[in-house]
Structure formats: C-alpha cells, structure tokens
Amino acid sequence: MGTVVGGKMENLSGWKQAVGKWGESLAAKYLTRNGYQIVARNFRTPHGEIDLVALHAGQLVFVEVKTRTSRTYGLPEESITPRKQAHMLSAAEHYLERHPEHEAWQYDVIAIERQHSGKVEIQH
C-alpha cells in the first residue's frame with residue numbers, strides 16, 4: 001500500500017520493483033555487450049527466482065542482480081546474505097535438474113549503483 005507524501009502517492013514496493021527491473025534490464029544489456037547470450041530472465045523455482053541465466057564461452061552463468069539508488073542500506077552486493085546464497089544455490093540446482101545438458105556453470109553477481117548525479121556504476 002502507498003502513502004501520501006507531498007500530495008503524491010508513493011508506493012515503496014512498486015518503486016523497488018521498478019528499480020529492480022531497470023537494473024536487470026541494464027545487466028542483461030551489459031552481459032550481451034560482453035559476449036553473453038541471455039537464455040532466461042526471472043526464472044522462478046520453489047527456492048526463489050534467478051534474475052538472469054546466460055551462456056558465456058560454453059558455460060552456463062546464473063546471475064543475481066542487485067541494484068541500489070543510494071548507499072543508505074549499503075552496497076548492492078552487501079545484501080547477499082548467507083541465507084540468500086543458499087537460496088541462489090538451490091535455485092541453480094533446480095534449473096540444472098531441468099537442463100542436465102549444462103555441466104559447467106557458475107553464479108555471478110552484478111551490482112548496479114545509480115548515483116544522484118545520474119551516473120551508473122556496474123560491478124561484475
């Protein structure tokens with residue numbers, strides 16, 4: 001549910017989703033420019049969602065995208081807790097059970113920060 005701030009409706013959940021979608025789109029473009037082929041987006045499993053699944057140099061790459069518009073809650077990559085890592089691994093295993101043709105794989109994190117100035121930094 002939103003709240004009224006300065007006469008405008010603010011929906012924090014909607015804002016977070018929009019920032020997340022923007023970050024995932026930016027990450028997909030970044031990966032494509034760097035020779036990756038995106039094979040799935042927002043792949044849902046019982047253990048959680050895999051943001052991006054890509055192929056690069058014959059290897060399957062699961063990608064977790066973390067996007068921030070400020071450092072109020074720390075760097076994007078700092079939000080990946082041991083619990084989140086366990087969910088990421090379980091989600092990857094779920095994907096691999098359905099796609100056994102992939103033997104070589106890895107999990108990458110892409111951290112995106114959008115500064116107040118509009119500058120965007122991508123860490124991979």
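Colleague: Which strand does glutamine 106 lie in?
Modeller: Glutamine 106 belongs to strand β6, which covers residues 105-114, where a strand is a DSSP run of E with at least two residues and a helix a run of H or I with at least four, both numbered from the N terminus. This is a predicted model, in which local features need pLDDT of at least 70 and side-chain atom pairs count only at pLDDT 80 or more, while totals for chains, interfaces and linings use all residues. Residues are numbered from 1 along each chain as its sequence is written, and side-chain values use heavy atoms, leaving out hydrogens and water.

Colleague: Is glutamine 106 buried, partly exposed or exposed?
Modeller: Glutamine 106 counts as partly exposed because its relative accessibility is 29%, and the classes are buried for under 20% relative accessible area, exposed for over 50%, and partly exposed in between, using a 1.4 Å probe and protein chains only.

Colleague: And what does glutamine 106 touch?
Modeller: Leaving aside residues up to four places away in sequence, glutamine 106 touches Gln59, Leu60, Val61 and Phe62, with a contact meaning heavy atoms within 4.5 Å.

Colleague: How far is glutamine 106 from isoleucine 38?
Modeller: From C-alpha to C-alpha, glutamine 106 and isoleucine 38 are 14 Å apart in space, and they are 68 residues apart in sequence.

Colleague: Switching to glutamine 123, where is that one found?
Modeller: Glutamine 123 is in strand β7, made of residues 120-123, and its contacts, not counting residues up to four places away in sequence, are with Val109, Ile110 and Ala111.

Colleague: Why does glutamine 123 count as partly exposed?
Modeller: Glutamine 123 is put in that class because its relative accessible area is 46%.

Colleague: What separates glutamine 123 from histidine 94?
Modeller: The C-alpha atoms of glutamine 123 and histidine 94 are 26 Å apart, and the two residues are 29 residues apart along the chain.

Colleague: Zooming out, how many helices and strands does the chain have?
Modeller: The chain holds two helices and seven strands, and reading along the sequence gives the pattern β-β-α-β-β-β-α-β-β.

Colleague: What does the C-alpha trace span?
Modeller: Along the principal axes of the chain, the C-alpha trace spans about 55 × 30 × 25 Å.

Colleague: How much of the chain is buried?
Modeller: Of the 124 residues in the chain, 31% are buried.
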